[in-house]
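Reader: I would like to learn how to read a structure like this one, feature by feature. Could you show me the general idea each time, and then the case at hand?

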Amino acid sequence: MDLKDCLKKMQDAGRLAHVTTPVDAVHELGGVCAKLDGGKALVFDHIKGYDMPVTTGMWWNRENVAAIFDTPVDQLSSLFAEAVASLHQNPVTPVLMENAPAQSVVMPEPDLTKLPVPTLALLDGGPYFDNCVILAKDPDTGVRNASIHRLMVTDKDRMGILMDMGRHLRDYYERAEARGVPLEITINNGVHPAYFVAATTPSSAAPIDEDELSVASYLLGEPARLCRSRTVDVEGIADAQIVIEAEILPYVREPEGPFGEVSGYYAAQEDRWVVSVKAITMQMDPILHLLHPGREVWNGQGLGLEANLFRTISKQVKGLKKVYMTHGGSHYHVVLQMDPPSNGMAKNAICAAFAAFSDLQMVTVVNSDVNIYDAEDVERAMVTRCDPARDIVIIPGAFGHELNPVVHDNMAAKMGFDCTYPVPKPASYNRVSFAEVNIADYEVI
Ligand code: MN
């Protein structure tokens, strides 16, 4: 199964639309995405000046993704949780393919400007790849890592890259740079979402000595398929649409940014790391795959994160029922649904959540009689079950995510809201309920 098979599945389920009007890769494509954000996934059939289509929107909503995995929407998160659990219980070694589809066509000279990489937001510093799965190997142990990083095209064979603090790729790079050598990578564009889920598994669930590609193998139902690269000692993803073989240069820093990020704010331009491209290979008739930053990242990361948080927090506290990364919270706010077995346990769950995922800024805990997918219902619990003097936890100066503008020097306060009622439940917390009727049985004119 490759990206084109996934597009076909979304098409068959009525979850894909084609934009047939030619669009400009600079700003216009991003503008169309902004209007259609949240709906069906899109294929832009015609990008002005290029003969390669572009797809976005796979993660705009959970229905699109559910169609690919043949799974009901409300079970996607638990499917991803099983996949992550398999990483420890039954890891699967990827297979190496000869004649990989991703190597059907080799660009004679690597030239990124021949790819319709869009410039999305109005103040972006240039064209960006924002959902490529980057593979690398630990310079000491050889353990493979899969992760996603934004890449700004700066020349035919050059890109700027952001390697956030705490990511394994950054760790690998710093050890390579200390030896004065580049870190070899492959940049894989247009992959099955199983690889995306694997690459977004947080390090609390996939530590640095584990290859998260096992998560992809579980979801694919067969070992992840890799291919030997032509110029670097790191494999590419055999079914990717495009594989860029490259290295991250030691000691070199060049301006990268601004970029309209998942937080809804621009990341500022700064001198950051530099990728030098050595080869570009692709499928026959490839299709470029990008994310429209925002909702796609909440959903794309959120689903996997929910699964990982559920697993990690459940080990620490009892009574956890559901986990939801809220849409407004752009992966910084999680709502936990739990019935704490005793008073105070909701606060332990808050601490466990922050420990499980350092990007989180806010955790809200509600009981199982609250619909965590409904912001109004959560708000009602907040104003009726959270006594601010007692039930708000603030942890000043904790490590956070650098793309969040409230975070400075990787630090900001974190806040947890315990919106659960006391144990045992006082009668005053019984919610008003009504008879359950089938409204279809009633004539309402
Ligand atoms: Mn890793």
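Author: Residues are numbered from 1 along each chain as its sequence is written. Because the model is predicted, local features need pLDDT of at least 70 and side-chain atom pairs count only at pLDDT 80 or more, while totals for chains, interfaces and linings use all residues; side-chain values use heavy atoms, with hydrogens and water left out.

Reader: Are His-168 and Glu-212 buried or exposed?

Author: A residue is buried under 20% relative accessible area, exposed over 50%, and partly exposed in between, with a 1.4 Å probe and protein chains only. Both His-168 and Glu-212 are buried.

Reader: Which residues of α9 are buried, and what do they pack against?

Author: Helix α9 covers residues 345-356, and its buried residues are Ala-346, Ala-349, Ile-350, Ala-352, Ala-353, Phe-354 and Ala-356. With contact meaning heavy atoms within 4.5 Å, these buried residues pack against α8 (295-316) and the strands β20 (333-338), β21 (362-366), β22 (392-399) and β23 (411-419).

Reader: What is the volume of the largest pocket, and which residues lie nearest its centre?

Author: The search uses a 1 Å grid over the protein atoms alone: a cavity is a set of points where a 1.4 Å probe fits but cannot get out, a pocket is an open set with protein on both sides within 12 Å along at least five of seven lines, and lining residues have an atom within 4 Å of a point. Grid points are joined across faces, edges and corners, and a volume is the space filled by probe spheres set on the points. Here the largest pocket has a volume of about 740 Å³, and of its 40 lining residues, Ile-148, Asp-164, Arg-167, Gln-301 and Asp-359 lie nearest its centre. The largest share of that lining, four residues, comes from β8.

Reader: How many cavities of 30 Å³ or more does the search find?

Author: The search of the whole structure finds one, and about 40 Å³ of space lies in the largest cavity. Among the residues that line it are Met-58, Trp-59 and His-289.

Reader: Where is Asn-99, and what is its phi?

Author: Asn-99 lies in the loop between β4 (95-97) and β5 (105-106), and its phi is near 50 degrees, a positive value in a residue other than glycine. At 76% relative accessibility, Asn-99 counts as exposed.

Reader: Which peptide bond to Pro-258 is cis?

Author: The bond from Gly-257 to Pro-258 is cis, with omega near -5 degrees, and Pro-258 sits in the loop between β14 (242-256) and β15 (259-260).

Definitions and conventions
Helix = DSSP H or I, 4+ residues; strand = E, 2+ residues; numbered from the N terminus. Expected span 1.5 Å × (residues − 1).
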